[in-house]
Amino acid sequence: MLASAAVIGLVGGAHAQDASYNWSGSYIGIEGGYAGSSVHFGADTTNFDDTYHKDGYLGGIYAGHDWQSGKFVYGVVGDFDFVGMHDTEFGDQAAFTGGKGEAYTYDVDWVATARARAGYAVTDRWLAFATGGIAAGHFQATSYSSVFVPFPPFSSASRSDFSGVKLGGVFGIGTEYALADKWSLKAEYLHYIFDEIEPGPGGTAGASFRPSLDTIKFGLAYRF
C-alpha cells in the first residue's frame, strides 16, 4: 500500500508539472478594439485654441517573443493597426466652402508600435504586464483661412495641408490569459503621443496640431 501511494504521488506530481504553462516563445495574432483620438490645436492668432476628441475603432496584427524566468516574463512586441474614424473638424464651417473665417480638419489613418513588455505570472496561465516603446502614425491635417474685405469687395483664401508619418512614444498596461498551449487572449490599454504637426505655409499662421491616441485592444494570438 505504501509503495502504491508513493507511485501515485510521483505520477500526480509529474502531471502537475506537465500542466504548468510556460510563456517562453514566439507568437502572432490579430487584434481590435476602441480608439480615442485627441488633438490639441494652437495658432499665432485663433479663436479655436483647444483640445478636440473623437471616438473610433482600430484593428490589425501583432507579433512578438517572450522569455520566462520563474514568475517573471519579459519580451518584445510589435503591432500595426488601421484606425477607423471620420475627420475631426472644427472652426468656422463657412470657411470649408470659401466663406469668411478659419477651419481645420485632422485625421489619423494608422498606427504602429515597437515595444518592450515586462510582466508577472499571477498564475501559470494568467499574465499581467506593463509595456512601452516607440510609435509611428500616419496623419492628415488641413488649415483653411479666408478673409473678406468689403471695400473693394474681395475675399482672400488660403489653405495648407499635411499628410505623412509622425513618430512618438507609447506606454500602457495589459493582461493575457493562455486559453490552451498554443492560444492566448489579451486585453491592453495603450496611450500614444506623437510629434507636433505643422501644415506649413498657407492657412492660419502658426497652425499646429499635437496628436495623441488612447486605445483599448483585445487580441487572439497563436504561440509557437
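## Basis of the model

Residues are numbered from 1 along each chain as its sequence is written, and side-chain values use heavy atoms, with hydrogens and water left out. Because the model is predicted, local features need pLDDT of at least 70 and side-chain atom pairs count only at pLDDT 80 or more, while totals for chains, interfaces and linings use all residues.

## Overall fold

The protein chain contains one helix and nine strands; here helices (H or I, at least four residues) and strands (E, at least two) are DSSP runs, numbered from the N terminus. Read from the N terminus, the order of elements is α-β-β-β-β-β-β-β-β-β.

Of the 224 residues in the protein chain, 43% are buried. Buried means under 20% relative accessible area, exposed means over 50%, and partly exposed lies in between (1.4 Å probe, protein chains only). Among contacts (heavy atoms within 4.5 Å) in the protein chain between residues at least 6 apart in sequence, 67% join residues at least 24 apart.

## The cavity

The structure holds one cavity of 30 Å³ or more, and the largest cavity has a volume of about 50 Å³. A cavity is a set of points, on a 1 Å grid over the protein atoms alone, where a 1.4 Å probe fits but cannot get out; lining residues have an atom within 4 Å of a point. Grid points are joined across faces, edges and corners, and the volume is the space filled by probe spheres set on the points.

The lining of the largest cavity consists of Y27, Y62, V77, R115, R117, F129, E176, K186 and E188. Strands β5 (101-123) and β8 (183-194) each supply at least two residues of this lining. By class, four lining residues are nonpolar, none is polar and five are charged. In this scheme Ala, Val, Leu, Ile, Met, Phe, Trp, Tyr, Cys and Pro count as nonpolar, Asp, Glu, Lys and Arg as charged, and the others, Gly among them, as polar.

Two of the charged ends sit over rings. That of R117 is over the ring of F129, 4.5 Å from its centre, and that of K186 is over the ring of Y62, 3.8 Å from its centre. The criterion is that NZ of Lys or CZ of Arg is within 6 Å of the ring centre and within 35 degrees of the ring normal.

## Aromatic pairs

The whole structure has 19 aromatic pairs. Rings of Phe, Tyr and Trp (its six-membered ring) pair if their centres lie within 6.5 Å; planes under 30 degrees apart count as stacked, over 60 as edge-to-face and the rest as tilted. W67 and Y74 form a stacked pair, 5.9 Å centre to centre with 20° between the planes. W67 is partly exposed, at 39% relative accessible area, and Y74 is partly exposed at 44%.

The rings of F72 and Y120 have centres 5.5 Å apart and planes at 70°, so this pair is edge-to-face. F72 lies in strand β3 (residues 72-84) and Y120 in strand β5, so the pair ties together parts that are 48 residues apart in sequence. F72 counts as exposed at 52% relative accessibility, whereas Y120 is partly exposed at 39%.

Ring pairs also link F41, Y52, F90, Y104, Y106, F139, Y192, F194 and F209 into a cluster.

S212 belongs to strand β9 (residues 208-223) and is buried, with a relative accessible area of 17%. Apart from neighbours within four places in sequence, S212 is in contact with G36, S37, S38, H191, Y192 and I193.

L179 belongs to strand β7 (residues 154-180). Not counting residues up to four places away in sequence, L179 touches R125, S184, L185 and L220.

Notes. On a 1 Å grid over the protein atoms alone, a cavity is a set of points where a 1.4 Å probe fits but cannot get out, and a pocket is an open set with protein on both sides within 12 Å along at least five of seven lines; lining residues have an atom within 4 Å of a point.
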